[in-house]
Amino acid sequence: MARTVGIGLQSFEKIQELHCFYVDKTKFIKEWWENKDEVTLITRPRRFGKTLNMSMVEQFFSVKYAGRGELFQGLSVWENEKYRKLQGTYPVISLSFAAVKEKDYESTVQRINQILTDLYYENSFLLESDRLLPEEKEDFCQISTGMSEVTATMALHRLSRYLHKHYSKRVIILLDEYDTPMQEAYVNGYWEELVSFTRSMFNTAFKTNPYLDRAIMTGITRVSRESIFSDLNNLKIVTTTSNEYADCFGFTEEEVFAALDEYGRSDRKQEVKNWYDGFTFGKQTDIYNPWSILNYLDTGKATAYWANSSSNSLVGKLVREGSADIKQEFEELIFGRPIRASIDEQIVYGELDGSEEGIWSLLLAGGYLKVLRYEGFDEVDEDMDPVYELCLTNREVRQMFRTMVKGWFRKTRREYNGFIKALLEDDLKAMNYYMNQVALTTFSSFDTGNKPSEAAEPERFYHGFVLGLLVELADRYAVISNRESGFGRYDVMLDPKKGDDGIILEFKVQDAEDEKELMDTVKAALKQIEEQKYETALTAKGIPKEKIRKYGFAFCGRKVLIG
């Protein structure tokens, strides 16, 4: 009989006690322990078993779980007598920043203070220890939600000392989702303040801490060493491109197919592969997201689970406000074609605005992109950056991005749909009306916020609009932009898949010196379509000239005229 699927269970102990479905990842314990790294930072996409693995490590080593070897019986780590003797023998400090998602710096520090205070409550037995000095017990009681920032940044260091004195053994520190506050700080504008606080805390906890035996930090991104890790030269960093622990997070294809056999769905393996395969860690390919697989095992329905399980606000913000070049690259990705980009796995949040390299790096770390091929440093030119060939991870991620693009026009859904209908029906008057309504409402949302909306690059809006066309019309048209045709380049071509008209759209921003009226800009756009023979690509496919429609779009700020 198949085991029960426990959706959302992140406690190793609870999963084992309830005999829920579990894929054995305890070999991670042996691999990590034998590597002997003092501080290990592991980055993986969200919902990839990081929290469960941290729970597993805590309950294996913590003295609080001494004598609980039955939790690990039948699992790979328990086959080795050396590790059976290690179980339950270390003081462990375990905490998570996953819930630190505040809108301002003061609230963030207060939330972290709450987490630290709870840690001290859990270890309040130390106040009865005859190994702690009265002064240390007094300091112990200073930990509260209202403590100073200086006290807060020393809290993990001091708790390590107290536990070390009580047990006469150095501690293990486990910090899950370390970068969640960092992402929130970037999105909400208090990055610099939080960097200083976090750097001080990490320095005292992980660097200048003689009571530390080993530590693990997990997160989605590798935040730049120069920001919060500048003092940590003892840090072992394991990212999605590293080979260490490659199959310890996420499910391998073998594990997924075995699960499908257990649940009587052996005939659905190809469907599951089409939807959820695609993640790559180091040289390990065919990794599946556990959240999607667990939900599929539970429901038997193939749909987007992981991509819709948490906020994609940062990703949406970066793509929506990104340059025309970034949006054009996304056209390639949504069509299923790869792009080539440089990657720097050290995420510098303060430099993400306008940084293509930073955006692709963040999307790769977040699991939205996968590496198809890698070109290393050129032996002749050592200054050349390595180049990665990237594509969307799988069908589930592609569907998430389609939904995200549709969401850009949610506030003008009626007007946006009205424009699509008018375009298909060749209703020029309605096209003008609805397009202006859409532009008026959504133009500023494509702005980075660093300049007034009226002065924002119109390309940010209309290339976002093109992405919207691509998603909405994908069933009827192949939507292509900025491709060579005839003697020049057009902005957008709608290549019909069946019997519809072909459509060419040329976008132009009004040049006030040469074009006194918007209609002059429209005429210039239409003239360019004719002179550059943009229709060549469509006629070459057998589409008659009379079935090719051409439109010029003229932009002036938020005003649009179509002719």
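Of the 563 residues of the chain, 55% are classed as buried, where buried denotes under 20% relative accessible area, exposed over 50% and partly exposed the range in between (1.4 Å probe, protein chains only). The model is predicted: local features require pLDDT of at least 70 and side-chain atom pairs are counted only at pLDDT 80 or more, whereas totals for chains, interfaces and linings use all residues. Residues are numbered from 1 along each chain as its sequence is written, and side-chain values use heavy atoms, with hydrogens and water left out.

The C-alpha trace of the chain spans about 90 × 55 × 55 Å along its principal axes. The accessible surface amounts to about 24,300 Å², 45% of which belongs to carbon and sulfur atoms; these areas derive from the Shrake-Rupley method with a 1.4 Å probe, and for residues only the protein chains shown count as cover. The secondary structure comprises 21 helices and 20 strands, taken as DSSP runs numbered from the N terminus (helices: H or I, at least four residues; strands: E, at least two). Among contacts (heavy atoms within 4.5 Å) between residues at least 6 apart in sequence, 72% join residues at least 24 apart.

The largest nonpolar core contains 88 residues, a nonpolar core being a set of buried Ala, Val, Leu, Ile, Met, Phe, Trp, Tyr and Cys residues joined through side-chain atoms within 4.5 Å. Helix 19 (residues 458–472) supplies the largest share of this core, with 8 residues. The residues with the most contacts inside the core are Trp360, Phe401, Phe419, Leu423, Phe461 and Phe553. Beyond its neighbours within four places in sequence, Phe553 contacts Phe419, Met431, Met435, Leu505, Glu506, Phe507, Lys508, Val560, Leu561 and Ile562. Another core, of 48 residues, lies apart from the largest one and includes Ile93, Tyr162, Met182 and Ala215.

An open sheet of 3 strands adopts the order 7-9-8 with antiparallel pairing. Strand 7 pairs with strand 9 (residues 284–288) in the antiparallel sense over 2 bridges, pairing requiring at least two DSSP bridges between the strands. Phenylalanine 251 has tyrosine 288 of strand 9 as its bridge partner.

Glutamine 510 is located in the loop between strand 18 (502–509) and helix 20 (518–531). The side chain of glutamine 510 reaches the backbone oxygen of glutamate 515 at 2.9 Å and that of lysine 516 at 3.5 Å. Not counting residues up to four places away in sequence, glutamine 510 also touches residues including Leu518, Thr521, Phe555 and Cys556.

Methods
A polar contact is a pair of N or O atoms within 3.5 Å; within protein, one must be able to donate a hydrogen and the other to accept it, and residues adjacent in sequence count only if both atoms are side-chain atoms.
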